[in-house]
Amino acid sequence: MKDLVRMRTSLKEEIEHVLNEQIKMEAHSSAIYLAMASWCDRNGFLHSAEYLYKQSDEERHHMLKIFKYVADMGGTAISPEIMNVPQEFDSFRNVFESALEQEIAVTHSINRIVDACRRSFDFGTEEFMKWFVKEQIEEEYIARRAVELFDVIGEEGVGRYMIDKAIPEITFGDESA
Ligand SMILES: [Fe+2]
Ligand SMILES: [Fe+2]
């Protein structure tokens, strides 16, 4: 019977588990970004809201990418339950500080998955996870630059208005390359 189970999926139990945990984390990220978009929308930061709606979509896309991988490998992809989504933020700046914290936590989680893949000789999944490793470099960069804008531009006077406009303009890497 055990052999039949192994024939169903090439994923080891531990890897299937950490991938499902990551599915949950990406879904949670998506929901938090949506709450952030709503907060910015109702507080007049419309450019940031637009940017955060897009981020929310991206996180759902990340979630689906892992979901489909687990399913393709014959594993059981678990549709995640999403709980504890903060709806209120202390300030405009706090929205982006929370976003950066969240991205750093995701990076650590992705790194732990890669480590688990290596320990269980699952080089296929490690290869699959490389896309996420690279994606996190970009996501963290953008989140960090967004927080920096609050110091570089300053929040006084028209500061927050300028920051709101500058946030969707942040790009990673050499776009002309
Ligand atoms: Fe993500
Ligand atoms: Fe992200």
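Is glutamate 59 buried or exposed? Glutamate 59 is buried, with a relative accessible area of 1% (buried means under 20%, exposed over 50%, partly exposed in between, using a 1.4 Å probe and protein chains only).

## About the model

This is a predicted model, where local features need pLDDT of at least 70, side-chain atom pairs count only at pLDDT 80 or more, and totals for chains, interfaces and linings use all residues. Residues are numbered from 1 along each chain as written, chains are lettered from A and ligands numbered from 1 in the order written, and side-chain values use heavy atoms, with hydrogens and water left out.

Because glutamate 59 and histidine 62 are three residues apart in helix 3, about one helical turn separates them. Histidine 62 is buried too, with a relative accessible area of 1%.

## The second largest pocket

Now for the second largest pocket, which holds about 160 Å³ of space. Its lining includes Tyr51, Lys54, Glu135 and Pro168, and by class has four nonpolar, one polar and five charged residues. Helix 3 (46-72) and helix 5 (123-152) each supply at least two lining residues.A pocket is an open set of points on a 1 Å grid over the protein atoms alone, where a 1.4 Å probe fits, with protein on both sides within 12 Å along at least five of seven lines; lining residues have an atom within 4 Å of a point. Volume is the space filled by probe spheres on the points, joined across faces, edges and corners. Helices are DSSP runs (H or I, at least four residues), numbered from the N terminus. Ala, Val, Leu, Ile, Met, Phe, Trp, Tyr, Cys and Pro count as nonpolar, Asp, Glu, Lys and Arg as charged, the others as polar.
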